[in-house]
Amino acid sequence: NLIATTTFDDSNGYGGVLGTVKNPKSFKIRLLTPGPNGYFYSMIGLAPKQNFKISGGNNYRSCGWYFYCNNGSLSSQDGDNCSRKYYEGRGKIGQIVEVKYDKEKEAISFVVDGVDCGVAFENINKEKLDLFAAF
């Protein structure tokens, strides 16, 4: 098990963490400490290293495919900026979010507390770049 902590590291409040394992079939994140107002503002998903910003950028709009823990919506570099509702409910302390990647089908799905929410993104990664865990 690895522990990664994100904090607001710049004036925009955007900070990113990128994993080191290429094209993981799945990985899990446990939500531990909420942000301001008791909400989890984390975006969890997959992204290529190219164009990923560790600080000062909003990767969820420009680099990768993400599940937004605050309201269960989806966001990606393809332009769906939290506009698609995917999961009913908000992130809560102890909740586990699993990201599943099917490289052959070019699909990403999410599992929240053991409930498979189905395919979230299809026909992704047309450039065939390696993807990494991102949040």
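Okay, when I say contact, I mean heavy atoms within 4.5 Å. What you have here is a predicted model, so local features need pLDDT of at least 70, side-chain atom pairs count only at pLDDT 80 or more, and totals for chains, interfaces and linings use all residues. Residues are numbered from 1 along each chain as its sequence is written, and side-chain values use heavy atoms, with hydrogens and water left out.

Let's start with Glu106. Setting aside neighbours within four places in sequence, Glu106 is in contact with Phe121, Glu122, Asn123, Ile124, Asn125 and Lys128. Glu122 sits 16 residues away in sequence, yet 5.9 Å away in space, C-alpha to C-alpha. Glu106 belongs to the loop between strand 6 (96–102) and strand 7 (107–112); strands are DSSP runs of E, at least two residues, numbered from the N terminus. And is Glu106 buried or exposed? Buried, at 13% relative accessible area, where buried means under 20% with a 1.4 Å probe, protein chains only.

Five strands make an open one, in the order 5-4-3-2-9, with antiparallel pairing; strands pair if DSSP finds at least two bridges between them. Strand 5 (84–85) and strand 9 are at the edges with a single partner strand each, so one side of each has no neighbour in the sheet. Strand 2 and strand 9 pair antiparallel over four bridges, and Ala47 stands opposite Phe132 in strand 9.

Last, the nonpolar cores: sets of buried Ala, Val, Leu, Ile, Met, Phe, Trp, Tyr and Cys residues joined through side-chain atoms within 4.5 Å. The largest has 23 residues, and Ile44, Phe67, Ile108, Phe110 and Phe121 touch the most other members. Apart from it there's another core of eight residues, including Ala47 and Phe52.

Technical notes. Buried < 20%, exposed > 50% of the residue type's maximum accessible area, 1.4 Å probe, protein only.
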